[in-house]
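The sequence and model come first, then my notes.

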Amino acid sequence: MLGLQQKVVGAAGNGKQARCVKAAAGAEGRGVNSPLVTRAAATELPPRLKKPAPIILNNQVLHSITDERLDVVYSIADHVEKNVLPILTPVHKCWQPSELLPESSDPDFLDKVQDLRKRASSLPDDYLVVFTGDMITEEALPTYMTMLNTLDGVRDETGASMTPWGRWTRAWTAEENRHGDVMNKYMYLTGRVNMKAVEVTTQNLIGSGMDPKTENNPYLGFTYTSFQERATKTETATPNHTLANSRRCENLPMHLQTETATPNHTLANSRRIMDALFERDPNGAVQAFADMMKKQIVMPAHLMNDNEHDKKGRNLFADFSAVAERTKTYTAFDYADIMEHLVERWRVANLQGLRGEAAEAQEYLMKMPNRVRKLAERAYARRKANQHTDFSWVFNREVQLS
Ligand SMILES: [Fe+2]
């Protein structure tokens with residue numbers, strides 16, 4: 001923490017009240033002298049360390065949640081226990097990647113792989129690029145677990161904490177882990193993509209992390225994940241309806257697509273956490289929602305890099321996003337739809353008695369979906385048509401961007 005830059009900052013999402021930062025120590029320093037609990041019961045909460053004030057490090061706001069709102073987060077641990085943890089599927093009921101792919105111990109394994117490769121031979125390059133970008137996003141799961149464990153009041157303090165938050169974070173990650181696994185094994189067997197280029201991109205992405213601007217603040221963090229999980233669902237589910245319906249993709253492994261698309265219960269996790277925050281602290285929750293919409297939700301793979309694209313002066317994530325947009329896998333209109341869905345889900349229009357900035361946030365959120373749609377229409381009108389670029393993932397073949 002030697003480079004810590006101490007400033008007076010507004011606590012974004014918490015009333016933006018300027019708070020003076022006095023101590024040089026961050027969360028780590030504070031934990032050193034805190035006696036830790038030696039025995040953890042299943043419902044035990046993490047020790048309440050005094051929360052550091054908002055600070056700025058490398059131009060990022062940290063620990064912006066107020067003590068009062070941190071108490072709200074602690075208070076919903078029972079809600080997580082009763083209403084969120086049970087949504088996760090028990091391990092014995094989960095599909096596993098080996099069940100969806102040719103079983104390698106089967107005597108006819110090679111025949112099954114031949115059949116899989118034959119069917120995958122018709123997959124077009126734009127589909128492969130979108131699938132690969134999604135797969136790399138899934139494979140960067142260590143980053144998402146890290147992100148959850150940055151959140152004050154939520155983080156798994158030991159790596160095996162028995163708090164509802166700790167158990168939920170690990171179980172969610174474990175369930176998610178199957179997605180990248182099955183996609184990677186499938187793509188490897190098809191022989192259709194340059195696996196080394198894909199693996200380099202994944203390694204770079206995990207090494208780079210992500211910057212969702214959630215400030216260690218669970219209000220912001222779960223607004224982000226509520227939005228992003230729905231975006232991922234759109235992005236993984238849409239190829240089923242668009243590309244898969246076209247004749248050229250009639251041999252898509254549909255069971256694979258359907259199974260790996262973010263299931264509804266996964267989506268429900270973050271939204272149920274936010275439901276509880278909206279119920280117990282509507283002022284804080286609506287401000288957090290507006291704050292994240294103002295910052296804009298970055299997709300988790302926004303720092304992806306294959307060590308080749310940037311040498312051409314191009315941004316790999318931007319080009320992958322352009323292909324996803326052109327194939328209508330995930331568009332700016334989807335972004336507006338997700339925003340609208342969450343505005344309705346959390347009944348933003350009906351929130352009563354909001355104070356000051358929370359009332360402003362409510363007004364802002366009601367207008368935003370249509371504003372985003374108008375911006376998207378303008379961006380589409382300005383877009384240059386018929387742009388192409390090559391992707392290392394598909395052996396440097398050119399793919400249409402727009
Ligand atoms: Fe996933």
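What percentage of the 402 residues in the chain is buried? I looked it up: buried residues make up 38%. I took a residue as buried if 20 or more other C-beta atoms, placed from the backbone, lie within 10 Å of its own.

I noted that this is a predicted model, where local features need pLDDT of at least 70, side-chain atom pairs count only at pLDDT 80 or more, and totals for chains, interfaces and linings use all residues. Residues are numbered from 1 along each chain as its sequence is written.

Next I looked up the elements. The chain has 16 helices and six strands. These are DSSP runs numbered from the N terminus: helices are H or I with at least four residues, strands E with at least two.

I turned to helix H3, residues 77–84. Ala 77, Val 80 and Val 84 are buried there. Seen down the axis of H3, they fall within an arc of 80 degrees (taken from the directions from axis to C-beta atoms), so they line one face. An α-helix has 3.6 residues a turn, so residues three or four places apart point the same way.

Then I checked a helix pair. H13 (residues 282–295) packs against H16 (residues 356–382) at about 50 degrees, with axes 8 Å apart. The axes are lines fitted to C-alpha atoms over the stretch in contact, and angles run from 0 to 180 degrees between N-to-C directions.

Terms used: Buried ≥ 20, exposed ≤ 12 C-beta atoms within 10 Å, placed from the backbone.
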